[in-house]
Amino acid sequence: MSSFVGVLVSDQWLQSQFTQVELRSLKSKFIAIKNQNGKVTVGDLPPLMAKLKAFSDKLNDEEIRRVLGESNSDFTNEIDFEGFLKTYLDLQSRDTAKAGNSKHSSSFLKATTTTLLHTINDSEKASYVAHINSYLRDDPFLKQFLPIDPSSNALFDLAKDGVLLCKLINVAVPGTIDERAINTKRVLNPWERNENHTLCLNSAKAIGCTVVNIGTQDLVEGRPHLLLGLISQIIKIQLLADLNLRKTPQLVELVEDNNDVEELMGLAPEKVLLKWMNFHLKKAGYKKPVTNFSTDVKDGEAYAYLLNVLAPEHCSPATLDAKDATERANLVLDHAERMDCKRYLSPKDIVEGSANLNLAFVAQIFHQRNGLSTDNKKISFAEMMTDDELISREERCFRLWINSLGIASYVNNLFEDVRNGWILLEVLDKLSPGSVNWKQATKPPIRMPFRKVENCNQVVGIGKQLKLSLVNVAGNDFVQGNKKLILAFLWQLMRFNMLQLLKNLRSRSQGKEFSDADILSWANKKVKNSGRTSRMESFKDKSLSSGLFFLELLSAVEPRVVNWNLVTKGESDEEKKLNATYIISVARKLGCSIFLLPEDIMEVNQKMILTLTASIMYWSLQQPVDEQSSPSPAASSRSASPEPSIDATLSPAATAISDGSPSPSTNGTPSLAFATTPGSSPGLPANGSLAPDTTAPPKASPSPSLSGEDDSSLAAEVSNMTIDDADSDTTTSAPLVDDAASDTAISTPQVEEEDTELQSEL
């Protein structure tokens with residue numbers, strides 16, 4: 001049985017300074033030089049360090065050589081891996097000191113989670129603990145462990161089994177995870193714990209968190225800085241969820257001219273919060289604009305004015321009269337408490353300018369009392385500006401997909417953010433490294449309209465090189481914000497990525513390229529070989545709305561993962577939604593990085609159905625053959641999850657979501673052992689295997705792959721599903737979605753028809 005084996009360092013302190021993702025990345029670079037030169041000397045380090053992402057734009061070759069010369073007189077001395085790591089940390093600390101930003105390592109306002117400064121802010125930790133205690137205190141499973149003591153390490157210990165993080169994600173975005181898919185027991189075995197963390201990471205990506213540098217092993221080990229970074233992102237998403245026109249159309253009052261509504265829609269949520277704050281401060285007579293949640297609010301005056309205009313009934317003249325900043329901050333918090341705002345920060349946090357906690361505080365004030373008008377005319381106009389449901393779902397999917405790629409930019413509003421072409425160029429460079437001519441690209445902010453057109457023209461040119469369907473499409477169409485065109489183009493990019501990833505599996509096994517028809521055929525064969533009769537005629541087959549085919553497909557690729565006691569017949573809309581929600585969570589629990597919603601399955605959105613099927617296929621093809629053919633004794637003997645026929649009558653209990661329901665991965669049933677290789681997605685299993693079953697016969701033999709070879713022959717050739725970036729030393733997770741018009745002949749008429757329809761959108 002193979003299990004997770006990370007990069008081990010004899011110095012435990014040194015080991016604790018890096019995540020496994022970082023250690024594997026640095027180890028691979030160290031070994032590459034050693035293989036090339038036979039050994040690694042101090043003199044080899046400057047050019048290597050200068051290329052690493054952490055230093056590439058901060059320290060040059062000469063500066064690094066000068067730093068190394070301070071502690072090494074002879075550059076020909078050989079250096080081992082631990083010495084290499086110590087040098088890395090030394091350079092990193094010097095760079096941090098030089099930049100002068102070592103005070104707070106984790107930031108609410110950062111999209112990514114920093115992992116090298118490791119300073120744990122006790123105030124932030126206490127705030128997150130208070131938030132968790134407040135929102136999860138009534139959870140049927142977690143209430144036995146709550147409240148958490150903020151002064152202890154109980155938060156990190158409780159997070160190690162993954163249940164807390166999964167529940168917190170559901171608090172932030174309700175319904176993201178089907179809680180029936182979470183393994184909930186007092187004591188979980190390593191496989192169940194790993195499944196929970198995989199479900200957590202893939203679900204975190206699906207709500208907009210950036211988890212590029214976090215792997216399941218980091219969560220299993222309970223690394224404080226990574227856990228706090230992830231928790232802060234989840235809480236931030238919850239607190240800022242209503243700061244958009246769709247959820248709060250009253251925000252239209254923040255702009256004087258209707259022409260500025262588009263600009264408002266394009267702002268990041270925290271920028272909208274600042275705009276809201278300044279709107280009320282102006283009404284209150286406060287003269288200084290607030291541009292951040294740290295230095296501009298640390299004296300407490302802005303808060304005093306804001307609360308006075310929002311809740312004048314609790315106003316106290318003593319707040320503004322107070323001479324001491326700490327005293328004023330205390331009075332501000334008392335005022336907020338009388339408004340029923342939860343007290344998550346202290347006067348000290350305000351005075352010290354904690355950006356994370358001040359943002360959380362202002363967001364709470366907004367939720368409690370936003371003070372905006374209920375002008376029906378303005379609200380009606382704002383509602384007209386929002387998109388219909390299908391466009392919104394597709395915008396959400398593509399936005400989350402782009403943010404999961406690990407590019408430098410972060411997308412808040414897809415249609416607004418892609419109009420200057422820069423983000424599209426970043427995506428293209430990630431999917432097809434080297435395709436972008438950055439010398440001819442203009443980085444935002446871009447004031448000259450023709451520069452935006454130049455960027456978008458290059459996007460169109462690269463798209464045509466990749467053989468995407470872009471007939472009669474020009475760069476100006478993107479600049480003008482043509483929503484239908486933007487969605488159609490991004491769908492082609494997702495499909496391009498998806499087929500390229502699957503093609504890489506094929507090319508390594510010297511097989512043919514993949515097409516949509518191959519994915520359809522594989523899914524049907526997989527289900528048929530498991531002894532079932534369900535069949536998918538096309539990716540728009542209306543029978544898929546019940547969800548039963550995908551549950552059978554998931555069960556075919558991993559028999560243990562589906563708890564059939566929880567499956568409904570999928571006849572009513574309610575039953576279909578239960579199945580669809582369960583499918584998405586089970587797929588993420590396996591390791592599939594997907595961004596569709598239950599409605600996409602219920603309505604049979606053919607684009608999302610294709611990405612779901614391909615993602616399951618990609619995961620399956622990476623698994624060794626013994627995993628697919630040898631269920632564990634616990635799996636084969638369990639009585640909690642029988643597999644009834646589709647026509648069997650299910651009891652009402654089968655459809656109920658209750659804490660007492662058995663988990664899909666039943667108690668004691670081992671799941672996949674994950675090992676994240678350099679460059680692989682943290683949430684995807686790369687080489688997990690299970691203990692071979694010596695007592696029970698396999699439920700189903702593995703289905704043959706399309707060209708006749710075993711799935712295992714493909715798995716042996718697969719390294720990971722990530723898009724490599726030679727210039728980056730950070731692991732980038734690339735979810736499974738991809739390509740444009742395929743040149744491969746498609747033999748299935750239905751698929752051929754679908755492909756034509758999709759391309760005709762442009």
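L273 is in contact (heavy atoms within 4.5 Å) with L240, L243, F293, L359, V362, A363 and F366, leaving aside residues up to four places away in sequence. The model is a predicted one, in which local features need pLDDT of at least 70 and side-chain atom pairs count only at pLDDT 80 or more, while totals for chains, interfaces and linings use all residues. Residues are numbered from 1 along each chain as its sequence is written, and side-chain values use heavy atoms, with hydrogens and water left out.

L273 also belongs to the largest nonpolar core, which has 172 residues; L230, L273, W276 and M277 are the members that touch the most others. A nonpolar core is a set of buried Ala, Val, Leu, Ile, Met, Phe, Trp, Tyr and Cys residues joined through side-chain atoms within 4.5 Å. Buried stands for under 20% relative accessible area, exposed for over 50% and partly exposed for values in between (1.4 Å probe, protein chains only). The most residues in this core, 14, come from helix α25 (residues 483-508). Another core, of 23 residues, lies apart from it and includes L26, L48, I64 and Y88.

Across the chain of 762 residues, 57% count as buried. There are 35 helices and zero strands; helices (H or I, at least four residues) and strands (E, at least two) are DSSP runs, numbered from the N terminus. Of the contacts with a separation of 6 or more, 70% are between residues 24 or more positions apart.

Ten aromatic pairs are found in a search of the whole structure. Rings of Phe, Tyr and Trp (its six-membered ring) pair if their centres lie within 6.5 Å, with planes under 30 degrees apart counted as stacked, over 60 as edge-to-face and the rest as tilted. One of the pairs, W276 with F366, is edge-to-face, at 5.2 Å centre to centre and 85 degrees between the planes. This pair links distant parts of the chain, 90 residues apart, with W276 in helix α13 (residues 269-284) and F366 in helix α18 (residues 355-368). W276 is buried at a relative accessible area of 0%, and F366 is buried at 3%. The rings of W422 and W438 have centres 5.0 Å apart and planes at 55 degrees, and the pair is therefore tilted. W422 is buried, with a relative accessible area of 13%, whereas W438 is partly exposed at 34%.

F30, F81 and F84 are linked by ring pairs into a cluster. The charged end of K27 sits over the ring of F81, 4.5 Å from the ring centre; this description requires NZ of Lys or CZ of Arg within 6 Å of the ring centre and within 35 degrees of the ring normal. R180 lies over the face of Y582, 5.1 Å from the ring centre.

T176 is placed in the loop between α8 (163-172) and α9 (190-206) and is buried, at 12% relative accessibility. Beyond residues up to four places away in sequence, T176 touches I169, N170, S203, I207, S585 and R588. In α9, 14 of the 17 residues are buried. N189 caps the N-terminal end of α9, with a side-chain oxygen 3.0 Å from the backbone nitrogen of W191. Just after α9, G208 takes a positive phi of about 110 degrees.

Notes
A polar contact is a pair of N or O atoms within 3.5 Å; within protein, one must be able to donate a hydrogen and the other to accept it, and residues adjacent in sequence count only if both atoms are side-chain atoms.
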